[in-house]
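Please look over the sequence and the model shown here before reading on. The paragraphs after it go from the overall fold to one helix, then to the core and a pocket.

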Amino acid sequence: MHESAQGPRVTPAASRTAQTPRPVPGPRPAPVPRPGRPGPSPAAASRAGDAARPAPPAQRVSQATPGPVPAASPAPSVSAAVPQVQLIPASAEGALDAAEEAVDLLLDTGRAPGDILVLTTGDPHPWAAHELSFGEAAYWALHDAGDDVFYADAAQVQRAAGRPVVVVAANGGPVGTAAAALPVALARAGALLIVCGEPQAINSALGAGV
């Protein structure tokens with residue numbers, strides 16, 4: 001047997017060249033997570049590094065700025081607070097017919113019947129006269145239900161509740177009835193007051209040209 005076989009085994013040169021070559025110095029690769037103990041992912045490490053660095057001034061300003069503020073509700077318009085007044089010139093004899101035409105136009109343009117209150121200064125509307133024949137309680141119950149156009153005597157405007165549209169037919173009646181009823185009717189109208197009658201008398205009752 002050869003004596004060289006008994007000594008320490010020497011790795012051949014070819015075996016040394018087969019070993020994994022050492023990496024060339026340069027950018028270090030991201031650490032590989034160890035089994036059972038996961039390390040931070042490259043993305044998390046990058047975020048951690050970013051968090052450790054102070055943000056530039058522009059970034060700090062953007063972070064301090066609050067998020068988008070919801071748009072404020074538009075301020076109510078003047079027309080929403082003060083009803084619009086519309087005058088339909090008519091004689092005392094034609095005021096009720098003019099009021100009826102106004103109601104028909106309102107309904108045709110989409111107004112709900114329950115939105116409309118009609119007041120008469122003279123003779124009552126035929127509908128009101130018919131419903132009153134069943135008694136005051138039944139008549140005013142229809143008013144409280146608010147399902148349909150309601151016709152009432154202008155002298156009872158204080159009892160009537162407000163509605164979006166009030167139509168006044170100045171069709172005669174005691175002197176001063178229209179003058180007393182129109183300011184209250186204006187207060188009862190939520191969006192629109194329509195007055196059918198003599199323009200001069202109506203302007204005088206309302207205290208302003210309309």
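The model is predicted, so local features need pLDDT of at least 70 and side-chain atom pairs count only at pLDDT 80 or more, while totals for chains, interfaces and linings use all residues. Residues are numbered from 1 along each chain as its sequence is written, and side-chain values use heavy atoms, with hydrogens and water left out.

The chain has 9 helices and 5 strands, which are DSSP runs numbered from the N terminus (helices H or I, at least four residues; strands E, at least two). Along the sequence they follow the pattern α-α-α-α-β-α-β-α-α-β-β-α-β-α. Of the 210 residues, 26% are buried; buried means under 20% relative accessible area, exposed over 50%, and partly exposed in between, with a 1.4 Å probe and protein chains only. Among contacts (heavy atoms within 4.5 Å) with a separation of 6 or more, 73% link residues 24 or more positions apart.

Helix 7 spans residues 136-145, and its buried residues are Y139, W140 and H143. Seen down the helix axis, these buried residues fall within an arc of 85 degrees, so they line one face of helix 7; the arc is that of the directions from the axis to the C-beta atoms. A137 and D144, on the other side of helix 7, are exposed. The cover over the buried residues of helix 7 includes helix 6 (126-132), strand 3 (150-153) and strand 4 (163-169). Just after helix 7, G146 has a positive phi of about 65 degrees.

The largest nonpolar core holds 40 residues, and I116, L119, V166, V167 and V168 have the most contacts inside it. Such a core is a set of buried Ala, Val, Leu, Ile, Met, Phe, Trp, Tyr and Cys residues joined through side-chain atoms within 4.5 Å. Helix 5 gives the most to this core, with 7 residues. Leaving out residues up to four places away in sequence, V167 touches A99, V103, L106, I116, L117, V118, L119, I194 and C196.

The largest pocket has a volume of about 220 Å³. On a 1 Å grid over the protein atoms alone, a pocket is an open set of points where a 1.4 Å probe fits, with protein on both sides within 12 Å along at least five of seven lines; lining residues have an atom within 4 Å of a point. The volume is the space filled by probe spheres set on the points, which are joined across faces, edges and corners. Of its 16 lining residues, A170, G172, A178, A179 and A201 are the closest to the centre of the largest pocket. Helix 8 supplies the largest share of this lining, 4 residues.
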